Amino acid sequence: MKPVIKLANIYVSYGKTDVLENINFQVNELDFIGIIGPNGAGKSTLLKTLLGLITPKSGDISIMDSPVSQGRKYIGYVPQVLEFDRAFPILVEDVVRMGRLSKKRLFHRYNSHDEKIVRHCLEQVGMIKLRSRSIGELSGGERQRVYIARALASQPQILLLDEPTANVDSKVQKNIYELLKELNEYMTILLISHDLGAISTHVKTIACLNRSLYYHQDKLITAQMIQETYQCPIDLIAHGIPHRVLSNHDQHN
C-alpha cells in the first residue's frame, strides 16, 4: 500500500517537557486508524503536528511525499467539539463554506464551483435539509456532521478527527462511524477516541499513544498494549462487541 503519512524519530516538546517521544509511524492509503491513550498523552498534539500547527523539536514528517507545509493541503481536520455561543448567527451552510477558504486566494469570492462542493458535502453527511438552519439550533450529533462536512469541503485525501463522537449518544455515535466507513472507501482516516469499545469495533487498526506510540497494524487490544499505554493494571479484556477494559478493584472485607 502507498504511504500517505510518514513520521520518523519525531520529538515534540512544550518548554522543557517532551510531549511526544521518538514517534515512528506510517499511515498507508485508505487506512482507518484509531488512536487511543490517556488524557495528556499527546494525541491532539500529534494531529496538530501533522497539520503544521506545532513544529517538532526533531525528526522528519512527510505527507503525500511532501513536507508538512505543502502536504497539509491534502488533510481535512475535524477538531474536538467545544461549547460555543449558541446565539452566534451563523448558518449550517456558512460553516461548511468555511472549508473552502484554504482553496481561495485572499479577497476572492466564493463561486458556483464552491457552492456545488458545499452542497455535495452537506448531502454526504445527510445535512442538506438543514443547510439554512442556525448551527446553534442543532443537536450535538448534527453539529458534528456539519463539522465533518466542513472538513470534506476542502476535498482532502486524508481526514483527521479528534474525538468525533464525544458527548453524543450511542445511536448518533454509530451513525457517525457508519459515515466514516463510507468515506474510508476513498479517503484515509486517522481519529482519536477514548471509547475503546466503539473504536475497536469500527476502525481497521489501532495505535496506542502515551508520549511514545505503539502500532502493530492490528485492531486487537491486548492487556500489554493497555498497560504500556495507560500504565495501570488490567484484569480483563473481553474481545467482542463491545470490548471491555476493567482495572483492578480494591478488595474490602
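Helices and strands are taken here as DSSP runs, helices having at least four residues and strands at least two, numbered from the N terminus. In this predicted model, β5 and α5 each contribute at least two residues to the lining of the largest pocket. The volume of this pocket is about 300 Å³. Of its 13 lining residues, Ile 75, Met 98, Gly 99, Ser 102 and Ser 154 are the closest to the centre. Strand β5 provides the largest share of the lining, three residues. Sorted by class, the lining consists of five nonpolar, four polar and four charged residues.

Helix α5 covers residues 140-152. At 1.5 Å a residue, its 13 residues should span 18 Å, and the 19 Å between its end C-alpha atoms agrees with this. Because 10 of the 13 residues are buried, α5 is largely enclosed by the rest of the structure. The buried set includes Arg 143, Gln 144 and Arg 145 as well as Val 146, Tyr 147, Ile 148 and Leu 152. The buried residues of α5 pack against β5 (75-78), α3 (92-97), α4 (112-124), β6 (158-162) and α6 (170-183).

Strand β6 is also mostly covered, with five of its five residues buried. Ile 158, Leu 160 and Asp 162 point one way from the strand, whereas Leu 159 and Leu 161 point the other way. β6 pairs with β5 in the parallel sense over four bridges, and Ile 158 is the bridge partner of Ile 75. β6 is also joined by five bridges to β7 (residues 188-192), again in parallel; here Leu 191 is the bridge partner of Leu 161.

Key: Residues numbered from 1 in each chain as written. Predicted model: local features only at pLDDT ≥ 70, side-chain atom pairs only at ≥ 80, totals over all residues. Heavy atoms only, no water. Expected span 1.5 Å × (residues − 1). Buried < 20%, exposed > 50% of the residue type's maximum accessible area, 1.4 Å probe, protein only. Contact = heavy atoms within 4.5 Å. 1 Å grid on protein atoms, 1.4 Å probe; cavity = no way out; pocket = protein on both sides within 12 Å on 5 of 7 lines; lining within 4 Å. Points joined across faces, edges and corners; volume = space filled by probe spheres on them. Nonpolar A, V, L, I, M, F, W, Y, C, P; charged D, E, K, R; others polar. Pairing = 2+ DSSP bridges.
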